[in-house]
Amino acid sequence: ITVYSGERYKTDRALVISAWFVDTIITCVYSIYRLANDPVLSRLLSTGSYHSTSDAITARGIASYGVVYGLVLVILALFYVVIQRKNKRLANICLIALFFVLLILAQFAIALGLVTFGMLWMALIKEPKNEQEKRYRIIFLIFFGTVFIISLPYLLRLLANSEILGYEINARLREIVAFFEGGDPSGVDMSARLSQYTKSVTAFFYSFGLGKVVFPSVEVGTHSEWLDGFGNYGILFLLYLVALWDFRRFILEKLPNKKSKQLYNFLFVIYMIMSVINTSAWAPITLSLCVIVPFLCMEKVSEL
């Protein structure tokens, strides 16, 4: 990003993006083929360290955890370009569709939720063409937003019962419905995830803010990049967050216009949410956040 962000490297940036897309498309097509034939493989991919397991050979070549969550940021960047441009949409729509199918077959509910939330939010905050469209959008938001919130448990149950999203995602949907209805959350993924979050928070306070590196006896969770970071390293983890925020500012300085900066800020917020509820410091995710997405902003959003 430091070398290729200059204007004279426009051709080189396009080459980097093209090579990344070709590689990613091939990986996605192969992954979709394998997962469609063997859906159980999706659970093997649910940890970025699955390569260290004895079962890794059965999933060789399939896009795993880091790649899928990296695609979350890329899908949203492409979606922003689609809703902003009036032409040249077909290629971007095809890429979004391909990556979205992979998200569903990989059965990562949080990734699918982040993409859905991001798309809805982008569509809602899109700059209206005139005052009339602005008024209609406000009315739509108030009316349909209220209806959506009231009917959310019924919609989730209907979606889960349809079983179109696969076993794991349907299971997460049923857990959310049970939560809305006051059911017992014990023994389900949401409860297990909350338990991991609690371990990290407890470790931070029990170690007096110094973390596991100073108090090895504390137990830290494994499901949140940022909560686990504070649990493991205490207040020293703030150095990582400051560095990340500073690098964000560095990237923003390289982006060409207001829209590209707005898009990157929005995707950074998505990354922050991802980091709180999941582990996120995997190489493919970081590559997407720090190189591919900024290059997309420079090449595609600069034309808007």
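Helices α4 and α5 are oblique to each other, since angles under 35 degrees count as roughly parallel, over 145 as roughly antiparallel, 65 to 115 as roughly perpendicular and the rest as oblique. This is a predicted model, where local features need pLDDT of at least 70, side-chain atom pairs count only at pLDDT 80 or more, and totals for chains, interfaces and linings use all residues. Residues are numbered from 1 along each chain as its sequence is written, and side-chain values use heavy atoms, without hydrogens and water.

The axes of α4 (residues 90-106) and α5 (residues 109-125) cross at roughly 140 degrees and come within 9 Å. Axes are lines fitted to C-alpha atoms, for helices over the stretch in contact; angles run from 0 to 180 degrees between N-to-C directions. Helices are DSSP runs (H or I, at least four residues), numbered from the N terminus.

On α4, the contact (heavy atoms within 4.5 Å) is made by I96, F100, L103 and I104. On α5, A111, L112, V115 and M119 take part. The contact has eight nonpolar, no polar and no charged residues.

Q107 lies between α4 and α5. F208 lies between α8 (189-206) and α9 (225-233).

Technical notes. Helices (H or I, at least four residues) and strands (E, at least two) are DSSP runs, numbered from the N terminus. Ala, Val, Leu, Ile, Met, Phe, Trp, Tyr, Cys and Pro count as nonpolar, Asp, Glu, Lys and Arg as charged, and the others, Gly among them, as polar.
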